Structures are given as C-alpha cells and as structure tokens.
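Subject: the structure, plus some notes

Hi,

Here is the structure I promised to pass on.

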Amino acid sequence: MKYALIGCGRISTNHIKAAVNNKLEIAAVCDVIEGHMEDVLAKHGLEKDGSIKRYTDYKRMIDENKLDFVSIATESGLHAAIALYCIEKGIHVIIEKPMAMSLADADKIIALSEEKHVKVSACHQNRFNIAVQEMRDALESGRFGKLSHGSIHVRWNRNPEYYRQAPWRGTWAQDGGALMNQCIHGIDLLRWTFGDDVEEVYGQTRQQFHHYLEAEDIGMAVVKFKNGAIATIEGTTNVYPHNLEETLYVFGEKGTVKIGGKSTNNIDIWDFADETDADITKKGLQEATSNVYGNGHTSLFADMMEAIEQDRKPYVDAQAGRNALELVLAVYKSQKTGQPVRLPLKDFASTDMSGEFDNGTGENLCS
C-alpha cells in the first residue's frame, strides 16, 4: 500500500516506524518546515531514499500522488481540515489524537467518511498495548462481573522547553491543555473500558504552574456511566521532575486490575476470583517501550491496512475518536459552567474555553 505522512513533529517517528514495520511503501512526507522531514526520515535511515517525495503543501502532495492512506500528525487544530480534504479525495486516514478540536468537526469527519466510504482511524494506539488487550479479553469474557468503579491517572511532566519547541502547544485553538493533549489516550481507555455510554460528567481544571499557556495543566473529573459504574479522571503535566505514570484501575465484583507504567504498558495488579494458571503469568507483565507513546502505532497501522483490505471498520474508528474528544470537552464545559454536564454533548469546542485562565501573569513563551 502507498502511504504518506502529514506532519513531521514529535510523534511522527512512531508513524514512520509503524510504516516501516508494516512494509508500507512510503511515497511522501509533508511538513511546513523542511528540516522536520529530513530529521524524521534520518531517524529511520530513510534520508537518502530518493523515492520518498517531500512536500510543504499537503494538498499538492495529495493531488500529485495516488495514495492508499495517510496519517495526520500535525498540530491538533489542523487535524480536521486536513482529514476532510483527504476524505473528500477518497483517501483513508489515520488521525492523531485528538481527531478534532470541536464536536462539529468530528461529526463532519464521520459523516463525510461514511458518504465517501473512506476508513478513518483515530490514533489511540494504547488500546493495542499488551496489558490493555489482556484486560480487554478479561472484560469481554465477563471475568470482572459487574463493574463497580475505576480511574485513569496521567501524571506527567511538561516543562517550558517542551512548549518553546512548538508555539501552538497549550493554545485553545490548536492544542488544548493537559486533558486534551496528554490525557486523552487514558480518557479513551477509561471510556472504552466502562462501556462508552456516559451519563454525566463533573470536572474541574486549573492552570497551576504553566501561566505562559492558555489552557489547563491539571484536570480532574468524576464520570457517571449509564451502566451504573463511576470513575475518576486525573490528568496533569505538573509532576516534578519527570513523567511518573499513566495508570488505569478497573474494579469489578470478581476482579481487580491495575495497568500501570509510563503509558499503561505494565500489569501491576491482576486478581480474579476464577484465577487460572494463565493468570499467574500475567501478573507483573511489562511491555518495554522506546518512548512514552508505546508500541501501539505499529499494530494500529496493521489494523488499518487490514480494514482497507477487508472493507471493515478499523479497530479504533472515528466514533471512538469522537467519544474521547466528547469526554474531554465535557470536562471543559463543566469547568466553564461550574455544573455537571450530561451527555451526549451536542456541540462544544476547545475555543469555547478561550480566556478561562487569563490572569496576566507570566511570560508568554508561545508568542
């Protein structure tokens, strides 16, 4: 299959690695900064590959190449517009998180992809983590029994240097804050694990230390699911001095699982009433990762290729991307209104939070 990458920033190396691992024909890469393209290709020994075209205009790249699918890894605020252009041209797309910055744009992506019979996969790659897949198998086979409650903790660090690297980070229009950027993978796992159907959300967000940004650096919420389970969300970039954990807890009447590590890649606790010999081998499982983004991109790309070949929905489809986005935006709306927010959320956008933390303090590193 012929593949191209749009956006060659921080996460792009995982996309190129996934393309190489899946033996895709990398036809082109695109970035408005030419050096970014060379940097990511060089990381994988591809900088001298003359067959890989370089573009600074994604529309030109799409129009000049017959591509099977692309992945979009630009700043978040551009995801929707680029995805819609590709879908309109009949090209399948993998969209980095979040799939859009507003529910209106997410709905446009879903509607157009259905109209054009195009596959869209939201890049929530942690669903493919070995620990997460083991938990999912236990969940789908009923081993937890009735779910009681759970939580997701994303306790990471982002310092001023991180935000200096890209002026769009921490802005409402192009990024959002800790919940939208860093925590959305965990939020996806939480919602997916507890049945997707959310009844109500109450959240609070703050900007404690990163006063040079527009958005939050800590967010916490209580989520009520329609199946009766409740859960909490904690997402922050305020942990000193470096990333601590991304941890998912699942508590049921017959089972308890804690998936930990830097990116939900380890099984820390695995206890079930009907314990088997196989369960013993799962206790303490650790999946080695080269960075905090884990290994899931390779599996997500493989699934996308199979979805195209078999004409089925991707494992992590556009609706999954919308669900994660909706839950983040529901927390934002709750912060803005001071009230619980009932789902489904009809429409809300990250830019509806503009001015939420304006306080006139601190140096604006993003200007």
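Predicted model: local features only at pLDDT ≥ 70, side-chain atom pairs only at ≥ 80, totals over all residues.

Helix packing first. Helix H1 (residues 12–21) and helix H11 (residues 296–310) have axes that come within 8 Å and cross at roughly 55°, so H1 and H11 count as oblique to each other. The crossing of H1 past H11 is right-handed. On the H1 side the contact involves Asn14, His15, Lys17, Ala18, Ala19 and Asn21, and these meet His297, Thr298 and Phe301 of H11. By type, the residues of that contact split into 3 nonpolar, 5 polar and 1 charged.

The other helix pair is H9 (residues 184–193) with H12 (residues 318–337), packed at an angle of about 105° with the axes 9 Å apart. That angle makes H9 and H12 roughly perpendicular, since the range for this class is 65 to 115 degrees. From H9, the residues Ile184, Ile187, Asp188 and Arg191 take part; from H12, Ala320, Asn323, Ala324, Leu325, Glu326, Leu327 and Val328.

Now the rings. The model has 14 aromatic pairs. One of them is Tyr163 with Tyr212, edge-to-face, at 6.0 Å centre to centre and 65° between the planes. Tyr163 sits in helix H7 (residues 160–164), while Tyr212 is in the loop between strand E8 (198–206) and strand E9 (218–225), so this pair ties together parts that are 49 residues apart in sequence. Both tyrosines, Tyr163 and Tyr212, are buried.

Tyr249 and Phe251 also pair up: their ring centres are 5.8 Å apart and their planes are at 10°, so this pair is stacked. Tyr249 is partly exposed, at 22% relative accessible area, and Phe251 is partly exposed too, at 24%. There is also a cluster in which ring pairs link Tyr3, Phe69 and Phe301; Phe301 is one of the H11 residues that meet H1.

Last, the asparagine. Asn126 lies in the loop between strand E6 (120–123) and helix H6 (130–140). Is Asn126 buried or exposed? Its relative accessibility is 3%, and because anything under 20% counts as buried, Asn126 is buried. Leaving aside residues up to four places away in sequence, Asn126 touches Val132, His185, Leu189, Glu246, Ser263, Thr264 and Tyr293.

Cheers

Terms used:
Residues numbered from 1 in each chain as written. Heavy atoms only, no water. Helix = DSSP H or I, 4+ residues; strand = E, 2+ residues; numbered from the N terminus. Buried < 20%, exposed > 50% of the residue type's maximum accessible area, 1.4 Å probe, protein only. Contact = heavy atoms within 4.5 Å. Axes fitted to C-alpha atoms, helices over the stretch in contact; angles between N-to-C directions. Parallel < 35°, antiparallel > 145°, perpendicular 65-115°, else oblique. Left-handed = near helix turned anticlockwise from the far one by under 90°. Nonpolar A, V, L, I, M, F, W, Y, C, P; charged D, E, K, R; others polar. Phe/Tyr/Trp six-rings, centres within 6.5 Å; stacked < 30°, edge-to-face > 60°.
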